[in-house]
Amino acid sequence: MPSHAGSPAARPGEVAGVLRLLAFLILATALMVLDYRGGWLHALRARAEAAVQPLWWLAGQPARVGTALRENAVTRAQLAADNARLRQALLLTAARNARLRTAAAENARLRGLLDSAERARLDVQLAGVLDIDLDPTRQRLLLDAGSSGGVRVGQPVIDAGGLMGQVIATTPTTATVLLVTDPDHVVPVMVARSGVRLVVYGTGRSDALLLADVPLSADVRRGDQLLTSGLGDRFPPGFTVGTVGTLRADDSRAFLEADVTPAAQLDRGRDVLLLRGYRAPLAMAGANAPAPAGKQVRP
Amino acid sequence: MSRPRSGWLLPVSLLLALLLGLVPLPGLLQPLRPYWLALVLAYWLLEAPHRVGMGAAFALGLLADLAFGGLLGEQALRLVVLAFILDRFRARLRFFPMSQQALAVGVLLLNDRVINAVIHVVMGVPQLPWAYWLTPLLGMLLWPPLRLLLDALRLRRRG
């Protein structure tokens with residue numbers, strides 16, 4: 001390089017340049033060493049970094065804008081998707097709602113019918129089940145309503161399915177119900193189809209009753225519905241008791257017998273209905289004349 | 001006469017270069033980030049030697065060190081070396097055709113990488129991943145468009 005370095009005047013400049021370079025190199029190296037070793041430079045550096053903070057903020061700006069834009073776009077897409085989904089859900093719900101309204105209207109109508117029918121014939125009292133005793137020899141329920149609530153011994157007990165039993169004892173706050181499945185319980189019934197009068201016995205099993213002493217000539221078939229006949233003045237006529245199972249010859253071979261599936265849900269449910277309307281006239285009938293009871297029996 | 005008119009371009013371009021070095025990039029692209037500051041500084045060292053010299057390079061390097069959070073003085077040293085070399089070969093470089101000029105800039109940037117590596121070794125700072133050795137290549141490719149852009153801005157202002 002020196003051979004063709006140009007005019008001699010350039011030389012001092014070059015030397016000065018090299019010197020300046022060396023000075024800067026030494027300065028930079030010193031800075032690096034000081035910075036690397038830590039020490040007093042740290043405080044200075046912290047202050048200087050606070051000064052360049054705006055630079056960082058500026059540099060981060062494009063990314064921030066980008067993120068915001070992307071988020072915005074994502075949110076818009078999401079919103080659109082959400083909108084479509086919600087619109088569909090709304091449609092579905094509206095349809096369902098319309099159906100429910102129809103059902104509610106129908107329900108109200110039926111309830112009205114039922115109400116009037118019940119009012120005409122039955123006066124019932126709702127009672128909760130406190131305790132269940134489903135021992136083979138003792139099929140009982142304990143209800144949370146007693147004599148102070150108007151419950152009387154002998155009152156029939158039903159549920160939505162049919163006859164459950166009768167009240168056999170009361171205390172002021174509780175009542176004991178003898179279920180139709182109790183071995184001691186007997187219900188006079190008739191076959192709904194043919195009107196044949198029969199008797200159903202409890203078996204001690206909560207899912208079975210026994211239809212016994214059926215004459216061989218009686219018009220009874222498997223699947224017949226058995227209703228209370230009203231005979232014996234204990235139960236009002238017309239309540240479902242159960243469904244006849246397969247008929248078979250009994251031990252004496254002179255009669256038939258069959259298992260009967262109870263219509264009432266004897267081992268389920270938390271509430272039962274106590275029939276009031278039926279016993280009240282009977283109680284009065286007992287006081288006056290047996291005539292009304294007879295009338296009740298006839299149908 | 002023309003200097004005050006184009007005066008804004010120099011600081012603004014250097015600031016932009018500084019910011020481009022700071023803009024967060026995804027981790028994978030990080031090594032491919034060109035050394036914008038060196039590129040822009042090189043342009044000004046070539047085109048406006050009366051305004052930027054080793055002193056300016058040193059100051060800019062310090063600022064960049066502060067901003068990048070690196071070893072204080074590292075970039076100052078690298079840029080001062082860059083400034084010195086460019087000052088030495090300015091006359092020849094200015095009249096190189098663009099392709100050769102780009103090649104020279106590439107070599108300069110490679111030299112910068114080497115200095116960087118040496119500093120890291122001497123100071124006991126961990127080395128950068130090997131992918132960082134690609135940045136001179138990228139800087140070389142970026143030189144022609146950058147130079148044309150800055151020329152256009154500067155000369156249009158002047159004209």
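This is a predicted model: local features need pLDDT of at least 70, side-chain atom pairs count only at pLDDT 80 or more; totals for chains, interfaces and linings use all residues.

Residues are numbered from 1 along each chain as its sequence is written, chains are lettered from A and ligands numbered from 1 in the order in which they are written, and side-chain values use heavy atoms, with hydrogens and water left out.

Two packed helices are described by the angle between their axes and the distance between the axes. Helices (H or I, at least four residues) and strands (E, at least two) are DSSP runs, numbered from the N terminus; axes are lines fitted to C-alpha atoms, for helices over the stretch in contact, and angles run from 0 to 180 degrees between N-to-C directions.

| Helix pair | Angle | Axis distance |
|---|---|---|
| H2(B) (9-22) and H3(B) | roughly 160 degrees | within 8 Å |
| H3(B) (36-47) and H5(B) (74-94) | about 40 degrees | 9 Å |
| H5(B) and H6(B) (98-123) | about 155 degrees | 10 Å |

Angles under 35 degrees count as roughly parallel, over 145 as roughly antiparallel, 65 to 115 as roughly perpendicular and the rest as oblique. The contact (heavy atoms within 4.5 Å) between H2(B) and H3(B) involves residues including B:Leu10, B:Leu14 and B:Leu18 of H2(B) and B:Trp36, B:Leu41 and B:Trp44 of H3(B). By class, this contact of H2(B) with H3(B) has 11 nonpolar, 2 polar and no charged residues, where Ala, Val, Leu, Ile, Met, Phe, Trp, Tyr, Cys and Pro count as nonpolar, Asp, Glu, Lys and Arg as charged, and the others, Gly among them, as polar.

H3(B) and H5(B) pack at an angle of about 40 degrees, so H3(B) is oblique to H5(B). Among the residues of H3(B) that meet H5(B) are B:Leu41, B:Leu45 and B:Glu47, and those of H5(B) include B:Leu79, B:Leu86 and B:Arg90. The contact of H3(B) with H5(B) has 11 nonpolar, 1 polar and 3 charged residues.

H5(B) and H6(B) are therefore roughly antiparallel to each other. Residues of H5(B) including B:Glu74, B:Arg78 and B:Ile85 meet residues of H6(B) including B:Leu108, B:Asp112 and B:Ile119, and this contact of H5(B) with H6(B) has 10 nonpolar, 4 polar and 5 charged residues.

**Interface and salt bridges**

Between the chains, 29 residues of chain B are in contact with 27 residues of chain A. The area buried between chain B and chain A (accessible area, 1.4 Å probe, that two parts lose on being put together, summed over both) is about 2,500 Å², of which carbon and sulfur atoms give 80%. In chain B, B:Leu66, B:Leu72 and B:Met123 lose the most area to chain A, together 25% of what that side buries.

A:Asp219 and A:Arg193 form a salt bridge through their side chains, at 3.2 Å from N to O. This pair links distant parts of the chain, 26 residues apart: A:Asp219 lies in the loop between strands E8 (209-215) and E9 (225-228) of chain A, and A:Arg193 in the loop between strands E6 (186-191) and E7 (197-202) of chain A.

Note on methods: A salt bridge is a side-chain nitrogen of Lys or Arg within 4 Å of a carboxyl oxygen of Asp or Glu.
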